[in-house]
Amino acid sequence: MGKFLKQGKVCLVLQGRYAGRKAVIVKNYDEGTSTRPYPHAIVAGVEKYPLKVTKSMSQKKIAKRSKVKPFIKVVNYNHIMPTRYNLDIDMKATLTAETFKEAPQRYAAKKAIKTLFEERYNSGKNRWFFQKLRF
């Protein structure tokens, strides 16, 4: 069987704090590593989705409601469900395995991903990624 969990693949997190949230695979480890001897992936996803905006709202209110709160996580393949969709945001330089070692690195990575996600949302591309999953 071919490898289909590749960089840019959109998936759903199934277990844990971010269960039911959409995420995108940044880096995958099919064979595992010495510290994590199981297949896993580094994912970046949307913890808090942007809220609905209408025409009558002020620019200030629209800006406030258009914020995206991201999360970053190392997830076992068993705990993610891949979708058929891909997202072409390059986050490889921002997120690496070393990012998760210390808290300040994680905060910096989250801020960088927040700007990438908000840029993409405000440009109007991939709107489906930034909508809450209803099930």
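**Pockets, a buried arginine and a strand**

Author: The largest pocket holds about 210 Å³ of space. The model is a predicted one.

Reader: Which residues line the largest pocket, and what makes a residue part of a lining?

Author: A lining residue has an atom within 4 Å of a point of the pocket. The residues that line the largest pocket are P50, L51, K52, V53, S66, Y121, N122, R127, F130 and Q131. By class, this lining has five nonpolar, three polar and two charged residues.

Reader: What is the volume of the second largest pocket, and how do the residues of its lining divide by class?

Author: The volume of the second largest pocket is about 180 Å³. Its lining divides into five nonpolar, three polar and two charged residues. Y29, T33, T35, R36, H40, I42, V74, A97, F100 and K101 form the lining of this second largest pocket.

Reader: Let us turn to an arginine. Why is R120 called buried?

Author: R120 belongs to helix α2, residues 103-123. Buried means under 20% relative accessible area. R120 has a relative accessible area of 15%, and is therefore buried.

Reader: What makes the pairing of the side chains of R120 and D88 a polar contact?

Author: A polar contact requires a pair of N or O atoms within 3.5 Å, one able to donate a hydrogen and the other to accept it. The side chains of R120 and D88 make such a contact at 3.2 Å. Leaving aside neighbours within four places in sequence, R120 is in contact with D88 and also with L87, I89, K125, N126 and F130.

Reader: How do you know that strand β1 is mostly covered?

Author: Strand β1 comprises residues 9-13, and five of its five residues are buried. On one side lie K9, C11 and V13, on the other V10 and L12, and all are buried, so that both faces of β1 are covered.

Reader: Why are β1 and β5 said to pair?

Author: Two strands pair if at least two bridges are found between them. β1 and strand β5, residues 80-86, have four bridges, and therefore pair, in the antiparallel sense. The partner of K9 in β5 is N86.

Technical notes
Residues numbered from 1 in each chain as written. Predicted model: local features only at pLDDT ≥ 70, side-chain atom pairs only at ≥ 80, totals over all residues. Heavy atoms only, no water. Buried < 20%, exposed > 50% of the residue type's maximum accessible area, 1.4 Å probe, protein only. Helix = DSSP H or I, 4+ residues; strand = E, 2+ residues; numbered from the N terminus. Contact = heavy atoms within 4.5 Å. 1 Å grid on protein atoms, 1.4 Å probe; cavity = no way out; pocket = protein on both sides within 12 Å on 5 of 7 lines; lining within 4 Å. Points joined across faces, edges and corners; volume = space filled by probe spheres on them. Nonpolar A, V, L, I, M, F, W, Y, C, P; charged D, E, K, R; others polar.
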